[in-house]
Amino acid sequence: MRASDCFAQSYAVARQKFLDAARAAGAALTEFPHPTALGREEEPLAIDVALVGAPDAPHCLMITSGIHGTEGYCGSGAQVALLRDATLRAACAEARVALLLVHAVNPYGFSHLRRVNEDNVDLNRNFMDFDQPLPDNPAYAEVAPLLLPSQWPPSQADHTALMQAIAARGMAWYQAAVSAGQYQDPDGMFFGGTQATWSNYTLRRILARYGSNGGAERASFRWIDIHTGLGPRGYGEPIYMGPDDAAQLARTREVWGNGVTSMYDGSSTSAQLNGVAWLALPQTLGPLPLLDYAGIALEFGTLPIAEVLEALRGDHWLHLHPDADENQRALIRRAMWQAFYIDSDDWRESVVAQVTDAVEKGIVR
Ligand SMILES: [Zn+2]
């Protein structure tokens, strides 16, 4: 098997490869069509779910792609590789692990090369309790005018002002200000929304349907959520997905090793975030640790963070300036593509090897 054959350069082709590989593997497929949005080529959009193995298997290992839209080109290719891996499927069957592959949690962003969804919402900040007051992010408000200036690319003066702010406050402050999530500016960056989005609701439907074992609790539930855009090129950083709890972190490191980083203790390249997707699990299936759960994000590095953030700034600038001409639109889209996907065989092979390794470790024996 060539790893590169598993990957695609459009949502429609990625989806077709996923569906074909799932059918060939004998998976049960379920489609959750998007009710309103269309793709970049006006193609239909959906979240597709492939269940490999017995529906009532005691263990479930879920692998999600495309929570961050355009990051799905990586995760989708890895999912196709898993579906084509007969040895891995046999190991899962023997251990009575059902593999649950959720393709393109944010299909709109996947197709349109955006990290956010059709509502400009960052899904990985959207799993909040919207009945409670939403957190304030004054640092974002402070830096927002510098992030999204009136012209793109930024003028020299705008660029200098941003560099001065970063020099004064530090790169960690900048990364947290931008990426922690904000709930005040619906057209801004890393906006977490003011209500549960369609993808949020649908992911919880999927968890409600597959998270339990025919009405009984699963003996275990493992979750690997594939992302790109942070960290060294080609390295998949396993980032702990769970509450700020030492026992739960230790349990997660038992599964995936001591290389698992945490945003709570500063060991991760990720800033501390609000409303992240793993919260869908307790929101749907009940509070932890009632459920035997362990989960990680696998965050594959692409370009240096400054370049990734610049691509995201351009993307949001375009969102605010829909009248931009076609050339500028194409340049901004290209920068987004390059920031979240490395179009080379060594990167793709490295992704597949690391995702396969993480799935093997996630098999409860
Ligand atoms: Zn991501």
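Tutor: The domain assignment of the protein gives domain 1 as 3-128 + 190-302 + 344-362 and domain 2 as 138-179 + 308-335; such bounds come from an automatic or database domain assignment. This is a predicted model, in which local features need pLDDT of at least 70 and side-chain atom pairs count only at pLDDT 80 or more, while totals for chains, interfaces and linings use all residues. Residues are numbered from 1 along each chain as its sequence is written.

The C-alpha centres of domain 1 and domain 2 lie 28 Å apart. Nine residues from domain 1 and nine residues from domain 2 make the contact, where two residues are in contact if their C-beta atoms, placed from the backbone, lie within 7 Å. On the side of domain 1 that touches domain 2, three residues are nonpolar, four polar and two charged. In this classification Ala, Val, Leu, Ile, Met, Phe, Trp, Tyr, Cys and Pro count as nonpolar, Asp, Glu, Lys and Arg as charged, and the others, Gly among them, as polar.

Helix packing can be followed from H2. Helices (H or I, at least four residues) and strands (E, at least two) are DSSP runs, numbered from the N terminus. The axes of helix H1 (residues 11-24) and helix H2 (residues 72-83) come within 9 Å and cross at roughly 20°. Axes here are lines fitted to C-alpha atoms, for helices over the stretch in contact, with angles from 0 to 180 degrees between N-to-C directions. H1 and H2 are therefore roughly parallel to each other; angles under 35 degrees count as roughly parallel, over 145 as roughly antiparallel, 65 to 115 as roughly perpendicular and the rest as oblique. Their crossing is left-handed, a term used if the near helix is turned anticlockwise from the far one by less than a right angle, with right-handed used if clockwise. From H1, Ala14, Lys17, Phe18, Ala21 and Ala22 meet Tyr73, Ser76, Gln79, Val80 and Leu83 of H2. This contact comprises seven nonpolar, two polar and one charged residues.

H2 also packs against helix H13 (residues 345-362): their axes come within 9 Å and cross at roughly 60°. H2 and H13 are therefore oblique to each other, and H2 passes H13 in a right-handed crossing. Here Cys74, Gly77, Ala78, Ala81 and Leu82 in H2 meet Arg348, Val351, Val352, Val355, Thr356 and Val359 in H13. Eight nonpolar, two polar and one charged residues make up that contact.

A further helix pair is H11 (residues 305-320) with H12 (residues 326-340), whose axes come within 9 Å and cross at roughly 140°. The crossing of H11 and H12 is left-handed. Glu307, Val308, Ala311, Gly314, Asp315 and Leu318 in H11 meet Arg329, Ile332, Ala335, Met336 and Ala339 in H12, giving seven nonpolar, one polar and three charged residues.

The sheet is open, with seven strands in the order E1-E2-E4-E3-E7-E9-E8 and mixed pairing; two strands pair if DSSP finds at least two bridges between them. Strand E1 (28-38) and strand E8 (236-240) stand at the edges with a single partner strand each, so one side of each is left without a neighbour in the sheet. Strand E7 (residues 220-233) and strand E9 (residues 293-301) run parallel, joined by nine bridges.

Two loops deserve mention. A cis peptide bond with omega of about -5° joins Trp152 and Pro153, and Pro153 is found in the loop between helix H5 (138-147) and helix H6 (156-169). Arg96, although not a glycine, has a positive phi of about 60°; Arg96 lies in the loop between helix H3 (86-94) and strand E4 (97-103).
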